[in-house]
Amino acid sequence: MHTLNVVVGSTNPVKINAVKQAMSQLYPESDIDCQGMRAPSGVAAQPMTEKATRDGALNRARYCKEQSHAEENIHYFIGFEGGVDLFEDGPATFAYVAILNNRHRSISCSARLPLPLSIYHDLSNGKELGHVMDARFNTQNIKQQGGAIGLLTNNHATRTSTYTETVILAMAPFLHPDHYET
């Protein structure tokens with residue numbers, strides 16, 4: 001069995017598990033070795049714009065790639081960043097994923113979860129989404145569990161399910177490189 005080596009720019013088990021689930025679906029004949037690494041985002045702890053969120057994901061993936069050694073044979077470097085922004089239809093939270101290897105780069109955005117305006121105001125005042133959700137829903141460390149997504153959808157969607165889908169979508173250029181420019 002072939003081993004697929006992946007480094008995720010986070011030690012959050014939600015992100016690592018999402019990558020492992022996505023890669024297991026995409027490469028069912030491979031053994032998936034998915035390692036987490038603390039990777040700086042280079043953006044605020046709670047990104048408040050789509051651009052900052054995208055930049056954070058890309059910075060994390062780049063950091064992982066820069067820290068690796070050629071002999072480690074890493075197939076993919078993946079960075080996530082969750083953020084919020086105020087859109088025409090109201091505030092929403094979402095995540096970006098950036099995936100790099102030696103030949104390609106792909107960046108994709110998750111679906112947007114509408115946020116209550118009161119939560120957005122808390123975030124605008126410098127609080128992080130996970131902490132706000134913990135306070136509002138009387139949970140602990142929800143960002144390493146179902147996240148705001150799980151809480152606001154009654155667990156019909158979770159951070160893991162959303163991140164897994166986003167990784168799968170972002171993998172399209174790697175699955176069909178002949179159809180994408182390098």
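Select Glu-50 and Arg-112: they form a salt bridge, with the closest N and O atoms 3.8 Å apart. A salt bridge here is a side-chain nitrogen of Lys or Arg within 4 Å of a carboxyl oxygen of Asp or Glu. The two ends are distant in the chain, 62 residues apart, with Glu-50 in helix α2 (residues 50-67) and Arg-112 in the loop between β5 and β6 (113-114). Helices (H or I, at least four residues) and strands (E, at least two) are DSSP runs, numbered from the N terminus.

This is a predicted model, in which local features need pLDDT of at least 70, side-chain atom pairs count only at pLDDT 80 or more, and totals for chains, interfaces and linings use all residues. Residues are numbered from 1 along each chain as its sequence is written, and side-chain values use heavy atoms, with hydrogens and water left out.

Stay in α2 and select Asp-55 and Lys-51, which lie 4 residues apart, about one turn of the helix. Their salt bridge has its closest N and O atoms 2.7 Å apart. Lys-51 counts as exposed because its relative accessibility is 58%; the classes are buried under 20% relative accessible area, exposed over 50% and partly exposed in between (1.4 Å probe, protein chains only).

Next, select Asp-122 and Arg-136, another salt bridge, at 2.8 Å between the closest N and O atoms. This pair joins helix α3 to helix α4 across 14 residues. Asp-122 is buried at 19% relative accessibility, whereas Arg-136 is partly exposed at 40%.

Move to Glu-128, in the loop between α3 (117-124) and α4. Not counting residues up to four places away in sequence, Glu-128 touches Ala-45, Gln-46, Leu-123 and Lys-143, a contact being heavy atoms within 4.5 Å.

Finish on α6, where the buried residues include Arg-159, Thr-160 and Tyr-163. The buried residues of α6 pack against α1 (13-26), β3, β4, β5 (105-109), α5 and α7 (172-175).
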